[in-house]
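Visitor: I am new to this structure and would like to know what the terms rest on. Please show it to me before we start.

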Amino acid sequence: MRRKNWELKLIFAAIIALFAVFLAGPILVLFGKSVWDGGLTGEFYLSVTRQKGFLTALGHSFAVAAAAAVIAVAIAFLMAYAVHYTGLPRWVKRLITAIATLPMFLPTITYGFAIIYSFGKQGLLTRLLGRQFFDIYGFGGLLVGYVIYTIPVAFLLIHNTMGFVDKKMLVVSKVMGDGHLGTFWIAVLRPLLGTLAGAFIQAFFLCFTDFGIPASVGGGYEVIATLLYNQMLGGIPDFNRGAVIAMIMLIPSIGSICLLQLLERFNIRYNRISQAELRKNPLRDGCWGAASAVTSLGILSIFAVIFVVPLVEEWPYQTGFSLEHFQAVFADRELITVYGHSLAMALLTALLGTLAAYGAALITARSTLGKGYKRTIESIALVTNAIPGMVLGVAYLFLFSGTSLQNTLLLMILCNIVHYFSTPYLMMKNALSKMNAGWETTAMLMGDSWIKTILRVVTPNALSSLIEVFSYYFINSMVTISALIFIAGARTMVLTTMIKQLQYVNRFNEVFVLSLLILATNLLAKAVFSWLANRQAARIRDNRPEKEKAKKRKELQV
């Protein structure tokens, strides 16, 4: 027992050291920068809040983020409902799910360029439909970009929760004489209220703190993210006032933590989940199928331009087929080097991040350590989930400037591990919590050490979840930009920061080629990781004892 606790305490110490140096330290330095000028002062806060345009930019951020979050949650709910509550063919449901999650495989800065080339005066959709529907620079462009950006997050939250809603409530409600709206409220909407509110908060938070979309289509409609970027990396940088803006961006983060904790009480949990067979209803399936088709087509049509523009000579004047832009990119050694940086960063982030998430989850889900240890890990996960990437990037810029870590891939990797820690940790914690709680005790009685039990028993059974966590870290590291824009150097440029550089010189053909390269890499990685995870999960199921299989079959029959 002492041996086990010693090993777990060592893992705990390593995790605490990681987040003390690369989360608490940078945030404290950032706060200090905002209140110190030879002594404690509130002058920087006063000057920023009184600064012309600050309150306007803050209001813009709140307005467009709230509007986008409402629309994204509504669209995500529509698509998730079509997957769970209709009789559409299985392949259609899989297609809806794939399209709803497609935007997460591309960096947000690409969304803006896709909107420009789709809805601009010479855009693909504008030319096809004969008119421009809205001004792409400003509120309209940001709204479309943010909605696309947050649909995947909102969809996954709602989709996962719908999978745990007892479908027999539909039958019970009908038997009780409820009408269509009453049944919809009782059996579908009411159990999802907490999740819908949580999806809104997550979507709002992502929109409020995103930099990629405003960087391309913000125009004169300034938001808090572009204000921070211009304050830090503009013509005349002002680090103290930039630190103030970064600290102000943390306010919605703190609010989101409190609200998400409060919303936990609205989540309905069933003692048993049963999958009642839905009644055949061609009208229902047709309506929801049509609505999902229109939504899916809308998402795909915006991204279609990414495939069209780089394959023509010069959009929109010479539309003949050409591979010249692809050839130019792949012949450019600098761009290939940048792609290598992205791959190396994503792979190392995924490897080290998975180890960190696994170690933290072992402490909270598979250990007898005290509540203090577990609450500390839970608090870290909660905080990392609410720290904006831009704020983390600015904090790293302050703390590590002039050190050996400045502008290194290692710093970018550590930043990604900290930034994306929350979701992988929760994934691993949930997976480990479902495993037999007596494995370690049994192994100890048989003379095996704790580490041998983890390597021989727990890890093989958790391998499919570990692969999923690895995939999550890899994909997010390939598309992230908000934090890296402040800490990437000329020698450590990655694809997303290179896209930002190409924007300045209007090399949009290369932008789309690099975006396709990111998309292809992520889709290939997702396919490979999913295949490996499913294969491992199937192997575990096949090796399950016959008694356990029979018990599972009996539960399904009931």
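Guide: Lys429 touches Ala361, Thr364, Ala365 and Glu378, leaving aside residues up to four places away in sequence; contact means heavy atoms within 4.5 Å. The model is predicted, so local features need pLDDT of at least 70 and side-chain atom pairs count only at pLDDT 80 or more, while totals for chains, interfaces and linings use all residues. Residues are numbered from 1 along each chain as its sequence is written, and side-chain values use heavy atoms, with hydrogens and water left out.

Visitor: Where is Lys429 found, and why does Lys429 count as partly exposed?

Guide: Lys429 is found in helix 19 (residues 422–433). Helices are DSSP runs of H or I with at least four residues, strands are runs of E with at least two, and both are numbered from the N terminus. Buried means under 20% relative accessible area, exposed means over 50%, and partly exposed lies in between (1.4 Å probe, protein chains only). Lys429 has 22% relative accessibility and therefore counts as partly exposed.

Visitor: What makes Gly353 count as buried?

Guide: Gly353 has 0% relative accessibility, so Gly353 counts as buried. Gly353 is found in helix 15 (residues 333–365). Not counting residues up to four places away in sequence, Gly353 touches Leu348, Ile417 and Tyr473.

Visitor: Why is helix 11 called roughly parallel to helix 17?

Guide: The axes of helix 11 (residues 224–233) and helix 17 (residues 389–400) come within 11 Å and cross at roughly 15°. Axes are lines fitted to C-alpha atoms, for helices over the stretch in contact, and angles run from 0 to 180 degrees between N-to-C directions. Angles under 35 degrees count as roughly parallel, over 145 as roughly antiparallel, 65 to 115 as roughly perpendicular and the rest as oblique. Helix 11 and helix 17 are therefore roughly parallel to each other.

Visitor: Which residues of helix 11 and helix 17 meet?

Guide: Ala225, Leu228, Tyr229 and Met232 of helix 11 meet Met390, Val394, Leu397 and Phe398 of helix 17. By class, this contact has eight nonpolar, no polar and no charged residues. Ala, Val, Leu, Ile, Met, Phe, Trp, Tyr, Cys and Pro count as nonpolar, Asp, Glu, Lys and Arg as charged, and the others, Gly among them, as polar.

Visitor: What makes helix 11 mostly covered?

Guide: Eight of the ten residues of helix 11 are buried. Among them are Ile224, Thr226, Leu227 and Gln231.

Visitor: How do you know how helix 5 lies relative to helix 13?

Guide: The axes of helix 5 (residues 108–119) and helix 13 (residues 282–308) come within 8 Å and cross at roughly 90°. That makes helix 5 roughly perpendicular to helix 13. The contact includes Tyr111 and Phe119 of helix 5 and Phe303 and Ile306 of helix 13. By class, it has nine nonpolar, three polar and no charged residues.

Visitor: Where is Asn407, and why does Asn407 count as partly exposed?

Guide: Asn407 is in the loop between helix 17 and helix 18 (409–419). At 33% relative accessibility, Asn407 counts as partly exposed. Phi of Asn407 is near 55°, a positive value in a residue other than glycine.

Visitor: How many helices and strands are in the protein chain?

Guide: The protein chain has 25 helices and two strands. Of its 558 residues, 52% count as buried.
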